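Please set out the local geometry of this protein chain.

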Amino acid sequence: MRHRHFGRTAFTTTDIGFGAWQIGGAWGDVSEADGRAALNAALDAGMTFIDTADVYGDGRSEKIIADVLKARGGVRPMVATKAGRRLSPHVADGYNKANLEAFIDRSLKNLEVDCLDLVQLHCPPTEVLYRPEVFAGLEELKTAGKIANYGVSVEKVEEALKAIEYPGVVSIQIIYNIFRQRPADLFFKEAQRRNVAVIARVPLASGLLSGKITRDTTFAADDHRNFNRHGESFDVGETFAGVPFDVGLQAVEEIRKLVPAGVGMAAFALRWILMNDAVSVVIPGARNAAQAQANAKAAELAPLSADVMAATAEIYGRLIAPHVHQRW
């Protein structure tokens, strides 16, 4: 895998990292053994970036990461976690220094470290981004040595543009994939201008862009692709990238024709994301070792041609953009 600078931090990361939501929860039954195997396979493949959150399995994801890294020893990858979604209700007033410090202290314990490499506000209400005191509190926690860096995970491009106005924000995590192309219009240019790292999440549109999901696919009751189809539990953009299921399947069939022979659609979709130099790291999840290994191999694919990139843009504009472009 290739390495990219992680914004203006001291870290350099592989362009493909490990998204640890699936080994925490909300993706159906993923055993702890499978979760450990997936993470080990990703690290064996050379990945040097892990993204998690304190709410993934109520700390389960963080704890698995801690155990695996302790057992492996050696040079640690960069581990990013998130804070804020433990709030109930999840409102702007909850994003105060006291609450964030409590969440960070819990993550420090779960991850068994003295300082978090990167903590990200976890898709906070938009109003939080207009409260300088929130970011002043993060600066104090950085000065105290509890966090090395901080960033924001956002739902909307507008939120990303506002967040990077704060000089201490070193990274933005945002949905970016063939079905969610708007970040490349303006935000990526601004992120590059300010040397802000970009973490691309939901790269496979919750599995739609793997090409393996059909109209007959069923999802477990505890899988967000079942219980969050219409945003019942969190932002609907996190599930199938916010694209109506049938529309997504139609677009997948058109995209399938662009995938080179012998290449999986998931790898193709990851390579599409890496065509943009503004992306620091893309974080596909994995339910098992085989999926983690397949994700890593996507970095070996040759760059996509201009014609293929134009064709994906046409499919997006015709089928997908009317549903998502102005919403996020």
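## Backbone exceptions

Ser206 lies in the loop between E9 and helix H7 (224-227). Helices (H or I, at least four residues) and strands (E, at least two) are DSSP runs, numbered from the N terminus. This is a predicted model: local features need pLDDT of at least 70, side-chain atom pairs count only at pLDDT 80 or more, and totals for chains, interfaces and linings use all residues. Residues are numbered from 1 along each chain as its sequence is written, and side-chain values use heavy atoms, with hydrogens and water left out.

Most residues other than glycine have a negative phi, and most peptide bonds are trans. Ser206 has a positive phi, near 60°, and is not a glycine. At 5% relative accessibility, Ser206 counts as buried. Buried means under 20% relative accessible area, exposed means over 50%, and partly exposed is in between (1.4 Å probe, protein chains only). Asn195 also is not a glycine, and its phi is positive at about 60°. This residue sits in the loop between H6 and E9. Asn195 is partly exposed, with 39% relative accessibility. The peptide bond from Ser88 to Pro89 is cis, with omega near 5°. Pro89 belongs to the loop between strand E5 (78-83) and H3.

## Helices H1 and H2

Two packed helices are described by the angle between their axes and the distance between the axes. Here, axes are lines fitted to C-alpha atoms, for helices over the stretch in contact, and angles run from 0 to 180 degrees between N-to-C directions. Helix H1 covers residues 32-44 and helix H2 residues 60-72. Their axes come within 10 Å and cross at roughly 55°. H1 and H2 are therefore oblique to each other. Angles under 35 degrees count as roughly parallel, over 145 as roughly antiparallel, 65 to 115 as roughly perpendicular and the rest as oblique. The crossing of H1 and H2 is right-handed. A crossing is right-handed if the near helix is turned clockwise from the far one by less than a right angle, and left-handed if anticlockwise.

H1 contributes Glu32, Arg36, Leu39, Asn40, Leu43 and Asp44 to the contact. H2 contributes Arg60, Ile64, Ile65, Asp67, Val68, Leu69 and Arg72. Contact means heavy atoms within 4.5 Å. The residues of this contact divide into 6 nonpolar, 1 polar and 6 charged. Ala, Val, Leu, Ile, Met, Phe, Trp, Tyr, Cys and Pro count as nonpolar, Asp, Glu, Lys and Arg as charged, and the others, Gly among them, as polar.

## Helices H3 and H4

Helix H3 (residues 97-111) and helix H4 (residues 132-143) have axes that come within 9 Å and cross at roughly 45°. That makes H3 oblique to H4. The crossing of H3 and H4 is right-handed.

From H3, the contact uses Lys97, Leu100, Glu101 and Ile104. From H4, it uses Val134, Gly137, Leu138, Glu140 and Leu141.

## Salt bridges

The whole structure holds 23 salt bridges. A salt bridge is a side-chain nitrogen of Lys or Arg within 4 Å of a carboxyl oxygen of Asp or Glu. Glu32, Arg36 and Asp67 are linked in a salt-bridge network. Glu155 pairs with Arg201 in a salt bridge, the closest N and O atoms being 3.5 Å apart. Glu155 lies in the loop between strand E7 (150-153) and helix H5 (157-163) and Arg201 in strand E9 (residues 197-201), so the pair ties together parts that are 46 residues apart in sequence. Both Glu155 and Arg201 are buried.

Glu158 and Arg182 form a salt bridge, with the closest N and O atoms 2.8 Å apart. Glu158 is in helix H5, and Arg182 is in the loop between strand E8 (169-175) and helix H6 (187-193), 24 residues apart. Glu158 is partly exposed at 42% relative accessible area, whereas Arg182 is buried at 16%. Glu254 and Arg318 meet in a salt bridge (2.6 Å, N to O). Glu254 lies in helix H8 (residues 245-256) and Arg318 in helix H11 (residues 306-324), so this pair ties together parts 64 residues apart in sequence.
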